[in-house]
Amino acid sequence: MGKSMITETWLRKHRSLYLGATRHPFIRSIRDGNIDLSSFKTWLGQDYIFVRAFVPFVASVLTKAWKGSDDSSNDMEVILGGVAALNDEISWFKKEASKWGVQLSDIVPQKANQDYCRFLESLMSPEVEYTIAITAFWAIEAVYQESFAHCLEDGTKTPAELQETCQRWGNEGFGQYCNSLRKIADRQLEKASDDIITKAEATFLRVVEHEVEFWNMSHGGT
Ligand code: HMH
């Protein structure tokens, strides 16, 4: 098999953990239509805080791509597309929060969110290699894409008022963007040393664990 498609080997090797994130009870409750709306509102407010911390992280990945990529013009275009999408996403969070009566200025980040944001911050250090950062970036986006796409499949009972949320990350364009990130990660990993590959795999696992904790936090109390 060689070193190509390293992400494929990880997804296979860590399948149950990955499914724990993408088929989390929070996502299953959206899909089954029995989500507690207070959980949804908790998620919305906490994710707004997360996304605001995610922007500088993505900007740091862009900075690393500039000098650290073999194909920096391609990579910078893909990552810059991600920055543009986040600009739109922040506006969407504000609109959605007002729709649900969530006061964003009052939101206090919960522990799982703080831990995840601190992890992002650690990856922003210039010491962290581009390959590690782009791997994390792909995994962060891919978990949301797969989770929300799961809520849009035929026969699901996702409530009408949550369809737009699921579309935001579950739509085909976002899926293609995640595929582009994955291709970049695999291309970088293919030429990486064993030491970097090992570190990247550990980073991938930590992302998935943080995603599970993030859903747990939103789902808590139900
Ligand atoms: C916690 N993970 C979390 N929030 C998000 N908005 C994404 C991933 C995808 O952007």
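Of the contacts in the protein with a separation of 6 or more, 83% join residues 24 or more positions apart; two residues are in contact if their C-beta atoms, placed from the backbone, lie within 7 Å. This is a predicted model, in which local features need pLDDT of at least 70, side-chain atom pairs count only at pLDDT 80 or more, and totals for chains, interfaces and linings use all residues. Residues are numbered from 1 along each chain as its sequence is written.

The protein has 10 helices and 0 strands. Helices (H or I, at least four residues) and strands (E, at least two) are DSSP runs, numbered from the N terminus. The C-alpha trace spans about 45 × 35 × 30 Å along its principal axes. A compact globule of 222 residues would have a radius of gyration near 17 Å, and the protein agrees, with 17 Å. That radius is taken over C-alpha atoms, and the globule rule is 2.2 Å times the number of residues to the power 0.38.

A residue is buried if 20 or more other C-beta atoms lie within 10 Å of its own, exposed if 12 or fewer, and partly exposed in between, with C-beta atoms placed from the backbone. By that count, 36% of the 222 residues are buried.

In α6, the buried residues are A112, N113, Y116, L120 and L123. Seen down the axis of α6, they fall within an arc of 100 degrees, so they line one face of the helix; the arc is that of the directions from the helix axis to the C-beta atoms. On the other side of α6, K111 and R118 are exposed. The cover over the buried residues of α6 includes α4 (37-68), α7 (130-150) and α10 (194-219).

Helix α9 buries C178, L181, R182, I184, A185, Q188 and L189. These cover an arc of only 160 degrees around the axis, which puts them on the same side of α9. They pack against α1 (6-13), α5 (72-100), α7 and α10, while the face turned away carries the exposed residues E172, G173 and Q176.

Finally, the ligand: around it are D47, F50, V51, I140, E141, Y144, E211 and F214, each with its C-beta atom, placed from the backbone, within 6 Å of it. Helices α4, α7 and α10 each give two or more residues to this shell.
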